[in-house]
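Colleague: Hi! Could you walk me through this one while I have it open on my screen?
Modeller: Happy to, ask away.

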Amino acid sequence: MFLEEQQIDYLKESIVFPFLPKKHIKRFDQKSGIFMSKQVPLLLIAEVKNQDDSDDEDNTKPKGEIIKILFKYGDDLRQDNLVLQFFRIMDEMWMEKNMNMEMVRYKVLETGNEVGYIEFVDNSEVIGSVHKWRGFWQGPFAEKSMYEYFKQEIYPIHMKKNMSILKQE
């Protein structure tokens, strides 16, 4: 599963991801690779070194925490950060009302002009699949495709559950 020849010698150096500076990388997973999308982002999958890991190469120990990061080039990640700040504010407002909308707030770090890192979220929906829900040709061009998706797929699950909380106040 892990590429043994890519193990890191921590006596000489230590590698961390930029927005997880306290998590030292033990080794990279061989499943790391490139996504075949427009901007061809690089997915980096790594095992984090546990505090009790010694410097010897003991592969019999259970795996440590696995982290996944996308390295992107060619997208303005400032826009992503702006939207995520809005999500954080809305999530905090909902949580104050005991409404758990199960928002996933991932990390984004711009490291330069249209360059940066994004925390990878497993089992997430990309916008293309949301548009396909409406129809391959119609979805991206339909004025209300996102609204309809949320109204029919997300609302019944989360909002109806949380509406009773609002009515109690």
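Colleague: Is Lys 72 buried or exposed?
Modeller: Lys 72 counts as buried, because its relative accessibility is 16%. The cut-offs are under 20% relative accessible area for buried, over 50% for exposed, and partly exposed in between, with a 1.4 Å probe and protein chains only. Before we go on: this is a predicted model, where local features need pLDDT of at least 70, side-chain atom pairs count only at pLDDT 80 or more, and totals for chains, interfaces and linings use all residues. Residues are numbered from 1 along each chain as its sequence is written, and side-chain values use heavy atoms, with hydrogens and water left out.

Colleague: Thanks. Where is Lys 72 placed?
Modeller: Lys 72 is in strand E5, residues 66–73. Strands (E, at least two residues) and helices (H or I, at least four) are DSSP runs numbered from the N terminus.

Colleague: And which side chain does Lys 72 join in a polar contact?
Modeller: That of Asp 75, at 2.6 Å. A polar contact is a pair of N or O atoms within 3.5 Å; within protein, one must be able to donate a hydrogen and the other to accept it, and residues adjacent in sequence count only if both atoms are side-chain atoms.

Colleague: Which residues is Lys 72 in contact with, leaving aside neighbours within four places in sequence?
Modeller: Pro 41, Leu 77, Glu 114, Val 115, Gly 116 and Ile 118. Contact means heavy atoms within 4.5 Å.

Colleague: How many bridges do E6 and E7 pair over?
Modeller: E6 (residues 108–112) and E7 (residues 115–119) pair over 4 bridges, in the antiparallel sense. Strands pair if DSSP finds at least two bridges between them. Leu 109, for instance, has Tyr 117 in E7 as its bridge partner.

Colleague: Switching topic: which residues are in the largest nonpolar core?
Modeller: There are 11, including Phe 17, Leu 20, Leu 44, Ile 67 and that Tyr 117. Strands E2 (20–28), E4 (42–48) and E5 each give two or more residues to this core. A nonpolar core is a set of buried Ala, Val, Leu, Ile, Met, Phe, Trp, Tyr and Cys residues joined through side-chain atoms within 4.5 Å. Another core, of 7 residues, lies apart from it, with Leu 43, Leu 70, Leu 77 and Leu 84 among them.

Colleague: How many aromatic pairs does the structure hold?
Modeller: It holds 3. Rings of Phe, Tyr and Trp (its six-membered ring) pair if their centres lie within 6.5 Å; planes under 30 degrees apart count as stacked, over 60 as edge-to-face and the rest as tilted. Phe 35 and Phe 120 have ring centres 6.0 Å apart and planes at 20°, so that pair is stacked.

Colleague: How many residues apart are Phe 35 and Phe 120?
Modeller: They are 85 residues apart, so to speak linking distant parts of the chain.Phe 35 is partly exposed, with a relative accessible area of 32%, and Phe 120 is partly exposed too, at 24% relative accessibility.

Colleague: Last one: how many helices and strands are there?
Modeller: The protein chain has 3 helices and 7 strands, running β-β-β-β-β-α-β-β-α-α from the N terminus on.
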